[in-house]
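The structure comes before the details.

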Amino acid sequence: MTGLREDTARPAISSRLEGLRNLSPAERLDKVAQAVDLGDAEHQSFGRGGLPLALANGMIENVIGTFELPVGIATNFTINGRDYLIPMAVEEPSVVAAASYMARIARAHGGFHTSSSQPIMRAQVQVLDIRDPHAARARVLKERDAIVAAANAKDKMLISLGGGCRDIEVHVFDQTPVGPMLAVHLLVDVRDAMGANTVNTMAETVAPLVEAITGGVVRLRILSNYADLRLARATVTIPMEALKTEDYDGERIARGIVAACAFAIVDPYRAATHNKGIMNGIDPIVVVTGNDWRAIEAGAHVWASRSGRYTSLSSWEIDRDGRLVGTLEMPMALGLVGGATKTHPAARAALKILGVQSAQELAEVAVAVGLAQNMAALRALATEGIQKGHMALHARNIAIVAGAVGDEIERVAGALAASHDVRVDRAKELLEEIRGGT
Ligand code: MEV
């Protein structure tokens, strides 16, 4: 099942946007606004920093201000034959450029293909003080219909949208520090919501019924961030020759990527960094759309540990036609309605740029970008290393810190990177030379 809709409301766009990097931020915003038909308010929300103080003050407690991050646009993405421009809120240089670069290689070979499960979240109801946990489990399962009906009794809106509690599971813990324990799970289709409020309310609603059925005492009633029933997947297939660079042939790069992934598959120390690279692509989309990045991180890493050993979230293989194939499947509990996604003006504008019609579509886009980011990191690590690319971008920052403006930035950065001497004092010297005409 895919979350991508055929009858999408927005006309098709091109994600190529050539020359975007050579424009000023304001010009880039204009170009993106034109491409996706941003309204005036959406256009202005980025320029103004996105979040008015009065709105921020209503979102959390003891507000003293807001905190900004750069928002960049990753270009070139084709996902299931449709082009997407990807807004990313992130502080790390290289992330946006790397995603765009990999997406450009991929788009010439069909781009990314994605699918997703139904948006099912779990709520947990913890039951203590039970002598007969296995018999209690059987009693709860026998009353499945009554529990599902009780869970669904309150949220008529969700039911009208085609969501609602679908089923239950009961997990038995024979021995815990506080005696036998049951965890009753509600499996809830939350549609376009992230779902935390929905499932937490349901868990609280069914608690008295669960106590009556089990004869135990209910304590915790809360969602699980291990969203293992809410998965999104992406694949990309690239002929080896399409990977070649000036210094490395395509086969060397493809086999290098497979070997790099093998390292992450067997070694948790490497897997943590490998998966961090994947999250470099995903978190900026989660943040810019006003979603809960802690929930996404928690889900990603427990999923990566589901075999009992922490491992790679992605797979890279060579198929029978000798092409490099990347796959990423992981929990992706993202919402389009509720929370900051609705209240934060820049999040709304980001969703407009993305043009997604459902939370599943957003989840699939995020996983495709995560896979692109992973490919970029492994490609660089398997060949020249990541410092060369990082240093080029770092050099721009250093040039700006040294006082370079306009086209001085590229000139100073280029000279710094070429000399492998990326320091502020060297940048100041270069700037003086440029300004003095020497
Ligand atoms: C840096 O933010 C991310 C990488 O370390 C990911 C990786 O090692 O795969 C480059």
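## Salt bridges

A salt bridge is a side-chain nitrogen of Lys or Arg within 4 Å of a carboxyl oxygen of Asp or Glu. The model is predicted, so local features need pLDDT of at least 70 and side-chain atom pairs count only at pLDDT 80 or more, while totals for chains, interfaces and linings use all residues. Residues are numbered from 1 along each chain as its sequence is written, and side-chain values use heavy atoms, with hydrogens and water left out.

The salt-bridge rule gives a count of 22. Side chains of opposite charge can pair when their charged atoms come close. Helices here are DSSP runs (H or I, at least four residues), numbered from the N terminus. R255 is partly exposed at 45%, and E251 is partly exposed at 39%.

## Further charged pairs

In the salt bridge between R144 and D145, the N to O distance is 2.5 Å. R144 is partly exposed, with a relative accessible area of 28%, whereas D145 counts as exposed at 53%. R323 forms a salt bridge with D321, and here the closest N and O atoms are 3.7 Å apart. For R323 the relative accessible area is 31%, which is partly exposed; D321, at 57%, counts as exposed.

A network of salt bridges links R122, E169 and D228.

## Ligand shell

Polar contacts are pairs of N or O atoms within 3.5 Å. The side chain of R270 places an N or O atom 2.7 Å from an oxygen atom of the ligand. A polar side-chain atom of K276 also lies 2.7 Å from a ligand oxygen atom. For the side chain of N280, the distance from an N or O atom to an oxygen atom of the ligand is 2.9 Å. On its own the ligand has 300 Å² of accessible area, of which the protein covers 87%; areas come from the Shrake-Rupley method with a 1.4 Å probe.

## Surface patch

F263, I265 and V266 form a nonpolar surface patch, with about 280 Å² of accessible area together. Such a patch takes residues with over 30% relative accessible area and no salt bridge, with nonpolar side chains (Val, Leu, Ile, Met, Phe, Trp, Tyr) joined within 5 Å. V266 is found in helix 9 and is exposed, at 58% relative accessible area.

## Helix 13

Helix 13 (residues 345–354) is mostly covered, with eight of its 10 residues buried. These are P345, A346, A347, A349, A350, L351, I353 and L354. Just after helix 13, G355 takes a positive phi of about 70°.

Key. A polar contact is a pair of N or O atoms within 3.5 Å; within protein, one must be able to donate a hydrogen and the other to accept it, and residues adjacent in sequence count only if both atoms are side-chain atoms. Buried means under 20% relative accessible area, exposed over 50%, partly exposed in between (1.4 Å probe, protein chains only). Patches are made of residues with over 30% relative accessible area and no salt bridge: like charges are joined within 9 Å, nonpolar side chains (Val, Leu, Ile, Met, Phe, Trp, Tyr) within 5 Å. Helices (H or I, at least four residues) and strands (E, at least two) are DSSP runs, numbered from the N terminus.
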